[in-house]
Amino acid sequence: MPSHPEQSLDAGISALKQGDYQKALAILKAVVATVGDRDSGLQAQIGVVVAYARIGEVTEAIALCQTLAQSDNQQVQEWAKRSLEQLTKRHQAEKGRGGEGKQEDIGEEITNDDSPVSLPLSSPETPVNRAKAKTPTIYWRQARRAKVWQPLQKLNLIPLRLLMAGTLVALFWVMRELLVLVMTLINNILVKLPFLEPIQLFYRNPDPLVLLVLVILICSCPWLLDWLLTNFYDQRQLSKDTLSKHSRETVRLMQRFCHQQGWPFPKLGVLPMSIPVALTYGNLPRTARIVVSQGLLEQLAEDEIATIYALELGHIAHGDFVVMSLVLLFTIPVYGLYQQFSDWGDKASQKIWRFVMGILASLTYGVWCLLTGTALWLSQLRLYYSDHLAVGITGNPNGLVRALLKIAIGIADDVQKEEQTPWQLESLNIVAPVGYQQSICLGSIAPHTTFESFLMWEYLNPYRWWFVFNNTHPLMGDRLQRLSAIAQYWHLEKELYLEPQKPLLVKHQSFFLQIAPFLGIPLGVVFAFLIWLGWQIAFTFKFLNLKWIYDDWSFVTGSVLIGFSIGILIRINYFFPEIQSANVQTDDHLPSLLANPTALPIDSVSVRLVGKLLGRRGTSNCLGQDLILQSSTGLVKLHHVSWLGQKIFLQDWIGRQIIITGWLRRGATTWIDIQTLQTQSGKIVNSPHPIWSTVLAVVAEAWGAYILLRG
């Protein structure tokens, strides 16, 4: 395919005239994704309509005609309205006859001589009004739902139940260790202070206390979360009548399903914010609450709202909402404490207090991440089960696909509007139907490429599962591919064509280099075993008397540290290759770079992007956890590390136009490791990722060698 949009447009129209409609579709869609609503993009969209009509995909042709009928270009608008009328009439006639043999005639009718496909839209005779230029449009196929459908095979709930139990165990262990840490710290301080004695109670086993607290919180979680969400998120009740105004189908669906299950109708709530989110909490089906945001009700269509409520009903049916409610009871107050420390730090007039509050805010944020981490895998797995149930009771896999994508788009839009990640979004992320991390890039880049192109990595890359272990949500591509498979099973047209293909060829060497530091750990254990075996033989034959090896197994730790260090050193040159001006990619290449399904994070792409720096300001962003680049083609997460004692902080440049040079990485989330960040005034901040990686490797190796030599 020609690389220049105008050449591609000519090639697409040529294929259209020659009757090669599939080739024309492929070329012209790529032009639309690249240039949007510019002149050549409008011509390409018209060509797509013609191609759809010629191959019998009349529904898609009608949907695109409806969009073109709103164009600012008068000629395109008139052509679209005329073609839409012809397409609709003929499509209805064909449906009435039940035949499928007249699609060629439809294609002929909409490609008459005055079709603007072959005209230069920017010529003096057909001026384009750019005063009201719109952002690129996202096209939805509006694929239909099933009217009558076969029941889906029931999923095995044992893995979900085991993971629920494992999450409770992990939460118990983390809470216990945090409590022991605090009690030990307090007693150590009291021991060193004069005239004070340690608290003897703090030396006792805290397990019964932690267990009792967990049981009490589970029993009271519906009302405690009511209070938290009302006081900190302004939650209010949502009546059935109000919900029915947005989606009558939702109320009918919930009434029918709850009656079948023998449940009372769940209590409904709404959060007054524009971010599209939904969550469910409680401890029993009769105490369950389903809460959505005002943004979700306004941004989704009626049937799409119903699929999200059905998804939340799935959490109640499977019981996982109980465990997630308990996790929320711990994470929301800790996140609030992090916000409070950050607020105090921003208001402090003295540097020392700002520094202290920054340390406390960062530590509290770390604790919040640790508590959230106990439920990561459950948060991923439960969505697969709830998606399955939601589709089974609505018969609308395409509606759920659209709903999830629109939520991602809404999240990205809100991040751009707020110029930071809203705190409500991050604090409730673990229970949301779509993760904000995955939405940042997907939702913002959607107008510039096709969903199918962006999501290929997420359902085709054979190593994708290795990069999702620390994510709160499953891969969107894999999730939507499963929903598309259900649509195909029911013989429905699919909203997204995420077709399973043969396994992609990804170099094993690249993957092994990617996980080299982690491979070093088991190799270190093997090395420790060889040391033990060698010393055992030497002792048996009285070559060396190193009997201490039997009494102290710390040499295993030393070997593991050395193996980890070697893995980092092996990977570092591949992970941070030299950035040269000849191979640097720019903003306009971003959609195509992210469409490569074989890429791994170690396949470092050198980029130089221009845009606005987004993120939280001040103390709340001491760790650089919320740094985002808003470029012309989308949002990308940024990773930055500072020099010790560095006086310039990136938080101070938030809201400014910047130039980022670094390494773009495609994984479960997309991010850029910054090399340099430059402002319009010429100030430059370096982010020494390779140096800090080298320091980490050297420290680990020195520590491991010290352990081995100490004996």
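Trainee: Which side chain does the side chain of Arg176 make a polar contact with?

Mentor: That would be Asp207: the two side chains make a polar contact at 2.3 Å. A polar contact here is a pair of N or O atoms within 3.5 Å; within protein, one must be able to donate a hydrogen and the other to accept it, and residues adjacent in sequence count only if both atoms are side-chain atoms. Before going on, keep in mind that this is a predicted model, where local features need pLDDT of at least 70 and side-chain atom pairs count only at pLDDT 80 or more, while totals for chains, interfaces and linings use all residues. Numbering runs from 1 along each chain as its sequence is written, and side-chain values use heavy atoms, with hydrogens and water left out.

Back to Arg176. It lies in helix 7, residues 158-192 (helices are DSSP runs of H or I with at least four residues, strands are runs of E with at least two, and both are numbered from the N terminus). Once you set aside neighbours within four places in sequence, Arg176 is in contact with Asn205, Pro206, Asp207 and Val210, where contact means heavy atoms within 4.5 Å. Pro206 is 30 residues away along the chain, yet the C-alpha atoms of Arg176 and Pro206 are separated by 6.8 Å. Arg176 counts as partly exposed, because its relative accessibility is 21%. The cut-offs are under 20% relative accessible area for buried and over 50% for exposed, with partly exposed in between (1.4 Å probe, protein chains only).

Gln142, found in the loop between helix 6 (103-109) and helix 7, has a positive phi of about 55° although it isn't a glycine. Most residues other than glycine have a negative phi. At 41% relative accessible area, Gln142 is partly exposed. Asp234 sits in the loop between helix 8 (207-233) and strand 1 (236-237), and its relative accessible area of 51% makes it exposed.

Strand 1 takes us into the sheet. This is an open sheet of four strands in the order 1-2-4-3, with mixed pairing; two strands pair if DSSP finds at least two bridges between them. Strand 1 and strand 3 (278-281) are the edges, each pairing on one side only. Two bridges join strand 1 to strand 2 (residues 267-271), and they run antiparallel; Gln237 stands opposite Gly269 there. On the other hand, strand 2 and strand 4 pair in the parallel sense, over five bridges, and Gly269 has Val291 as its bridge partner in strand 4. Strand 3 and strand 4 go antiparallel over four bridges, with Ala278 opposite Val292. Five of the five residues in strand 4 (residues 289-293) are buried. Both of its faces are covered: Arg289, Val291 and Ser293 on one side, Ile290 and Val292 on the other.

Now the rings. Rings of Phe, Tyr and Trp (its six-membered ring) pair if their centres lie within 6.5 Å; planes under 30 degrees apart count as stacked, over 60 as edge-to-face and the rest as tilted. By that rule there are 16 aromatic pairs. One of them is Tyr338 with Tyr365, tilted, at 5.0 Å centre to centre and 55° between the planes. Tyr338 is in helix 13 (residues 320-347) and Tyr365 in helix 14 (residues 351-373), 27 residues apart, and both are buried. Tyr463 and Phe511 have ring centres 4.0 Å apart and planes at 5°, so that pair is stacked. Tyr463 lies in the loop between helix 19 (451-460) and helix 20 (476-489) and Phe511 in helix 21 (residues 508-514), so the pair ties together parts 48 residues apart in sequence. Tyr463 and Phe511 are buried too. Ring pairs also link Tyr335, Tyr338, Tyr365 and Trp368 into a cluster.

Lastly, charges over rings, meaning NZ of Lys or CZ of Arg within 6 Å of the ring centre and within 35 degrees of the ring normal. Lys240 lies over the face of Phe265, 4.1 Å from the ring centre, and the charged end of Lys406 sits over the ring of Trp140, 5.4 Å from its centre.
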